[in-house]
Protein chains: 2
Amino acid sequence: MSKNLINWLENVLLQGIIITLKAMTSFTEENYLKIIYMLTELNGGNEVSTNELAEHTQTKAASVSDMLRKLAEKNLINYRKYQGVTLTKEGQYIALGVIRKHRLWEVFLVEKLGFGWDEIHDIAEQLEHIDSKELTEKLDKFLGNPQFDPHGDPIPDAKGKMPSMTSCKLSEVPIDQTVVMVGVLVHSPAFLQHLDKNQITLGSTIKIQEISEFDKSYIVLLNNSQSVFISNEVAKNLLVK
Amino acid sequence: MSKNLINWLENVLLQGIIITLKAMTSFTEENYLKIIYMLTELNGGNEVSTNELAEHTQTKAASVSDMLRKLAEKNLINYRKYQGVTLTKEGQYIALGVIRKHRLWEVFLVEKLGFGWDEIHDIAEQLEHIDSKELTEKLDKFLGNPQFDPHGDPIPDAKGKMPSMTSCKLSEVPIDQTVVMVGVLVHSPAFLQHLDKNQITLGSTIKIQEISEFDKSYIVLLNNSQSVFISNEVAKNLLVK
DNA sequence: ATTAATTTTTAGGTTTGTCTAAAAATTTGA
DNA sequence: TCAAATTTTTAGACAAACCTAAAAATTAAT
Ligand SMILES: [Mn+2]
Ligand SMILES: [Mn+2]
Ligand SMILES: [Mn+2]
Ligand SMILES: [Mn+2]
């Protein structure tokens with residue numbers, strides 16, 4: 001509270017007039033906003049609950065409540081006690097900025113440094129909080145303005161606009177149809193390594209040859225060359241187009 | 001204290017035996033260690049005082065005292081009350097790791113992203129704390145294992161060994177001798193931009209043509225082509241070989 | 001060699017982000 | 001519908017990293 005006042009006074013004194021009221025979000029606040037964004041998406045636009053947030057932030061519900069009060073005070077979320085939260089325009093903008101940085105860095109780690117797509121998430125979790133507009137834009141350019149990250153996730157542009165991607169789960173595709181692998185719904189190293197082992201990568205063509213009645217497992221033709229076995233669990237987490 | 005205990009117990013429980021006692025230095029601790037390293041260098045190996053540290057950490061002496069007690073407890077510094085501090089081997093190793101990352105990222109920002117050498121320090125101050133051994137080593141390789149950063153500062157290797165560099169200030173070079181610009185002693189954007197304006201860059205050859213009796217200012221021949229004026233203040237902050 | 005000035009440490013507080021335990025609100029379901 | 005189960009919030013604490021003010025130690029000057 002007094003820290004805010006000091007910031008405010010500094011603005012007044014340094015600029016004569018208050019020009020902008022920069023949000024100044026901390027590392028922690030950024031993480032909350034990013035997670036709220038992602039869980040809202042996942043919920044199809046519905047409010048995110050305190051408990052959901054506690055799980056994903058690796059904290060307790062009480063801690064989340066504290067943070068929500070604070071984010072609401074900064075007008076970054078819409079918060080009615082006991083009713084869950086959604087992001088305000090401002091909160092969404094910050095969240096998308098963090099997601100943009102996360103995904104751009106992931107592209108860098110894979111395309112430039114040669115990391116595997118299963119090794120990059122934790123590093124990107126750190127890099128996404130580096131605060132420099134110029135850095136983000138120069139990195140974007142250096143990478144050739146990529147639209148999607150190594151997992152096929154869309155990268156928002158500098159204004160927060162997501163490139164559109166029409167895709168569906170492999171498990172929803174009819175038999176005999178040929179599709180292209182464009183993304184994953186799970187990012188765990190175990191899942192990604194499993195795909196590696198089966199040589200399923202972004203861009204692979206997949207044609208469903210057979211679906212087992214018994215366990216809904218698949219036999220698919222990969223890249224028009226080899227037949228591979230895919231469990232239903234995998235098929236439900238592969239995005240294709 | 002109880003946090004340390006918990007970490008210790010986790011080690012015991014997860015590993016059966018305590019294998020390593022990882023230091024787990026925070027962002028803030030890393031900054032203290034880095035600054036202690038640099039000020040010790042500057043002091044020719046002598047102890048660094050509390051007040052010196054307060055200046056460079058942008059905090060107050062009281063805060064520094066607190067932190068020194070803490071760092072001493074972790075065996076990262078040699079600290080006798082009222083007598084200043086030096087780094088222990090362990091502290092030095094961490095400091096050199098942070099400096100390594102800082103300088104590698106600076107190379108990246110200039111060589112790959114096209115930043116000017118006057119624009120990179122603040123961004124590198126953030127990037128230097130990204131915690132991933134693999135990232136640092138892959139970045140190093142990607143950059144071609146550079147020995148020096150964009151300011152001519154030596155980059156320690158993964159073991160903390162600095163490449164040796166024999167250089168001296170331009171102000172100590174005798175008249176008529178031709179030398180090569182290899183570094184700067186001041187990193188302020190103002191100074192670096194001043195050098196840019198005079199087209200003095202790393203690798204420029206400099207031959208001292210004249211030194212003014214009155215103000216010790218220089219007229220030097222730059223790259224065997226143009227004569228430029230250099231103040232004594234500048235000459236004292238240019239490293240040449 | 002004392003006293004005065006300076007430096008450093010300690011004492012006591014604040015803020016941020018976390019925690020546990022307990023209270024309050026909401027949801028479930030008999 | 002109303003009691004039980006669940007979720008969420010509040011209350012009260014704690015650790016990290018900072019602060020100001022005051023005490024203690026060191027250094028400098030008469
Ligand atoms: Mn990721
Ligand atoms: Mn990703
Ligand atoms: Mn720097
Ligand atoms: Mn540098």
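Me: How are the donor residues of the manganese ion (ligand 4) spaced in sequence?
Reply: This is a predicted model, in which local features need pLDDT of at least 70 and side-chain atom pairs count only at pLDDT 80 or more, whereas totals for chains, interfaces and linings use all residues, and side-chain values use heavy atoms, with hydrogens and water left out. Residues are numbered from 1 along each chain as its sequence is written, while chains are lettered from A and ligands numbered from 1 in the order in which they are written. The protein donors (N, O and S atoms within 2.8 Å of the metal, or 3.2 Å for Na, K and Ca; water is not among the atoms, so sites may look incomplete) are Glu106(B) through OE, Asp149(B) through OD and His151(B) through ND1, at 2.1 to 2.3 Å from the ion. Along the chain these donor residues give the spacing E-x42-D-x1-H.

Me: Is Asp149(B) buried or exposed?
Reply: The scale is relative accessible area, where buried means under 20%, exposed over 50% and partly exposed in between, with a 1.4 Å probe and protein chains only. His151(B) has a value of 2% and is therefore buried. Asp149(B) has a relative accessible area of 3%, which means that this residue is likewise buried.

Me: Which residue bridges the manganese ion (ligand 3) and the manganese ion (ligand 4)?
Reply: The protein donors of the manganese ion (ligand 3) are His102(B) (NE2), Glu106(B) (OE) and His121(B) (ND1), at 2.1 to 2.2 Å, and their spacing in sequence is H-x3-E-x14-H. Glu106(B) lies in helix H5 (residues 89-112) of chain B and His121(B) in helix H6 (residues 121-127), so the pair ties together parts 15 residues apart in sequence; helices (H or I, at least four residues) and strands (E, at least two) are DSSP runs numbered from the N terminus. At 1% relative accessibility Glu106(B) is buried, whereas His121(B), at 34%, is partly exposed. The two ions lie 3.6 Å apart, and the residue that bridges them is Glu106(B).

Me: How far apart are the manganese ion (ligand 2) and the manganese ion (ligand 1)?
Reply: The manganese ion (ligand 2) is coordinated at 2.1 to 2.3 Å by Glu106(A) (OE), Asp149(A) (OD) and His151(A) (ND1). Glu106(A) in helix H5 (residues 89-112) and His151(A) in the loop between helix H7 (133-142) and strand E3 (168-169) of chain A are 45 residues apart, and both residues are buried. Glu106(A) coordinates both ions, and the separation of the ions is 3.6 Å.

Me: At roughly what angle do the axes of helix H2 and helix H3 of chain B cross?
Reply: Axes are lines fitted to C-alpha atoms, for helices over the stretch in contact, and angles run from 0 to 180 degrees between N-to-C directions. The axes of H2 (residues 27-42) and H3 (residues 50-57) of chain B come within 10 Å and cross at roughly 120°. The pair is therefore oblique, given that angles under 35 degrees count as roughly parallel, over 145 as roughly antiparallel, 65 to 115 as roughly perpendicular and the rest as oblique. Contact (heavy atoms within 4.5 Å) is made by Tyr32(B), Ile35(B), Ile36(B) and Leu39(B) of H2(B) with Glu52(B), Leu53(B), His56(B) and Thr57(B) of H3(B), and the crossing angle is roughly 120°.

Me: How far apart are the axes of H3(B) and helix H4 of chain B?
Reply: H3(B) and H4(B) (residues 61-73) pack at an angle of about 105°, which makes them roughly perpendicular. The contact joins Thr50(B), Asn51(B), Leu53(B), Ala54(B) and Thr57(B) of H3(B) to Ala61(B), Val64(B), Ser65(B) and Leu68(B) of H4(B). The distance between their axes is 8 Å.

Me: Which residue's backbone oxygen does the side chain of Ser204(B) reach?
Reply: Ser204(B) is in the loop between helix H8 (189-197) and strand E5 (205-211) of chain B, and its 3% relative accessibility means that it counts as buried. Beyond its neighbours within four places in sequence, Ser204(B) is in contact with residues including Val179(B), Met181(B) and Leu222(B). At 2.9 Å, the side chain of Ser204(B) reaches the backbone oxygen of Thr201(B).

Me: What value is phi of Tyr82(B) near?
Reply: Tyr82(B) sits in the loop between strand E1 (77-79) and strand E2 (85-87) of chain B, and is exposed, with a relative accessible area of 79%. Gln58(B), in the loop between H3 and H4 of chain B, has a positive phi near 55°. Tyr82(B) is a residue other than glycine with a positive phi, near 70°.

Technical notes:
Polar contact = N/O pair within 3.5 Å; in protein donor to acceptor, adjacent residues only side chain to side chain.
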